[in-house]
Amino acid sequence: LGVQGGKDKVEQVLNGALAAGNPVSAIWIQDWVGRRMTNFGSQLWWRWLPDEKAYPNFRAWVASLRSRGIRVLGYVNPFLADEGPIFAEARARGYLVKDRLGQPYKIRTVGFPAYLIDLANESARAYLKGIIRQNMLQPGLAGYMADFGEWLPWDAQLADGERGAVWHNRYATEWARLNREAIREAGLEGEVVFFTRSGFTGSAAHSTLFWAGDQLVTFDEFDGLASAV
């Protein structure tokens with residue numbers, strides 16, 4: 001059951017579905033990190049921390065749902081929004097993809113700027129895996145969408161000296177690999193599922209599921225319904 005809007009709203013929808021006889025085994029709450037208003041409307045807050053305002057006592061709530069046989073799925077991507085403690089730490093440690101001038105590459109997304117983690121930097125990879133383990137897996141999430149992976153700018157500079165044009169397709173595979181490693185290193189392989197949207201050669205060795213959505217609502221052969229088929 002895909003639902004969001006905070007703990008009270010989620011429980012209202014969930015209990016209504018159960019009362020109607022729907023055997024819900026899992027809920028997917030993309031907004032576990034909270035939301036903020038932008039010039040494009042309400043958007044997920046890409047900071048990868050549980051939003052205790054929208055979901056009070058998050059860890060205990062996830063555990064209570066699990067005791068009822070209902071798993072909780074979340075959401076993450078390799079971006080960091082332009083504020084918050086994780087972003088500040090990643091920027092200070094040099095873990096962000098850089099532009100041609102050697103500065104963190106500011107990428108304009110839907111409503112706010114964000115920065116990609118440099119997956120060519122082994123320390124940055126370890127840091128991001130730690131965030132996933134500490135803030136997602138340890139609180140009890142049984143899975144999540146590992147979104148994006150396809151937005152690396154071609155003129156970006158990565159830690160291994162390569163340009164974004166060389167790394168662009170590889171980034172999607174490495175993003176899937178990172179998530180599989182995070183689950184394996186937490187001792188949860190086979191218990192936690194994640195689904196990726198982007199992909200390239202080699203992604204199938206790491207992703208546990210693929211998300212075939214987010215096409216345009218047209219019959220365009222490149223990014224419409226035909227491309228899903």
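In which strand does Val193 lie? Val193 belongs to strand E9, where helices (H or I, at least four residues) and strands (E, at least two) are DSSP runs numbered from the N terminus.

Colleagues, this is a predicted model, in which local features need pLDDT of at least 70, side-chain atom pairs count only at pLDDT 80 or more, and totals for chains, interfaces and linings use all residues. Residues are numbered from 1 along each chain as its sequence is written, and side-chain values use heavy atoms, with hydrogens and water left out.

Let me continue with Val193. Because its relative accessibility is 27%, Val193 counts as partly exposed; buried means under 20% relative accessible area, exposed over 50%, and partly exposed in between (1.4 Å probe, protein chains only). Beyond its neighbours within four places in sequence, Val193 is in contact (heavy atoms within 4.5 Å) with residues including Tyr144 and Leu209.

Leaving aside neighbours within four places in sequence, Asn179 contacts Val76, Ile132, Tyr144, Ala146 and Phe194. Asn179 sits in helix H5, residues 164-185, and is counted as buried because its relative accessibility is 0%. A polar atom of its side chain is 2.7 Å from the backbone oxygen of Trp175.

Finally, I turn to Ser203, in the loop between strand E9 (193-196) and strand E10 (209-210). Ser203 has 2% relative accessibility and therefore counts as buried. Its C-alpha atom is 6.2 Å from that of Ala176, 27 residues away along the chain.

Definitions and conventions. A polar contact is a pair of N or O atoms within 3.5 Å; within protein, one must be able to donate a hydrogen and the other to accept it, and residues adjacent in sequence count only if both atoms are side-chain atoms.
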